[in-house]
Amino acid sequence: MPADREGMITGEPTTPQAVVAAARQRDCASISYTYTEPTVFFEFACDTAELAHRQGIKNIFVTNGT
């Protein structure tokens with residue numbers, strides 16, 4: 001974690017609906033689930049991917065397979 005945050009994880013809660021809405025608002029062709037191993041938040045990613053797929057947004061799932 002960055003030293004300037006004293007080890008605190010920053011961010012804001014969100015929902016799958018909000019992620020898909022943001023992608024649509026920005027005309028994104030896809031949503032990628034990566035960086036932090038996406039299997040850690042699989043339920044969230046799966047719910048988001050299903051909503052996105054129904055709205056014509058492609059999904060990319062990047063994992064190391066563990």
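This is a predicted model: local features need pLDDT of at least 70, side-chain atom pairs count only at pLDDT 80 or more; totals for chains, interfaces and linings use all residues.
1. Leaving aside residues up to four places away in sequence, Ile31 touches Val19, Val20, Ala23, Thr48, Ala52, Ile57, Lys58, Asn59 and Ile60.

2. Ile31 also belongs to the largest nonpolar core, a set of nine residues. As background, nonpolar side chains in soluble globular proteins tend to be buried together.

3. H2 runs over residues 42–54, and its 13 residues should span 18 Å at 1.5 Å a residue; the end C-alpha atoms are 18 Å apart, so the two agree.

4. Which residues of H2 are buried? They are Ala45, Thr48, Ala49, Leu51 and Ala52. Viewed down the helix axis, these buried residues fall within an arc of 165°, so they line one face of H2. An α-helix has 3.6 residues a turn, so residues three or four places apart point the same way. The cover over the buried residues of H2 includes helix H1 (16–25), strand E1 (30–33) and strand E2.

5. On the other side of H2, you will find Glu43, His53 and Arg54 exposed. After the helix comes Gly56, with a positive phi near 80°.

6. Finally, have a look at Thr63, in the segment after strand E2 (58–61). Thr63 has a relative accessible area of 36%, so it counts as partly exposed. The C-alpha atoms of Thr63 and Thr34 are separated by 6.8 Å, although these residues are 29 apart along the chain.

Technical notes: Residues are numbered from 1 along each chain as its sequence is written. Side-chain values use heavy atoms; hydrogens and water are left out. Helices (H or I, at least four residues) and strands (E, at least two) are DSSP runs, numbered from the N terminus. Buried means under 20% relative accessible area, exposed over 50%, partly exposed in between (1.4 Å probe, protein chains only). The expected span of a helix is 1.5 Å times one less than its number of residues. The arc is that of the directions from the helix axis to the C-beta atoms. Contact means heavy atoms within 4.5 Å. A nonpolar core is a set of buried Ala, Val, Leu, Ile, Met, Phe, Trp, Tyr and Cys residues joined through side-chain atoms within 4.5 Å.
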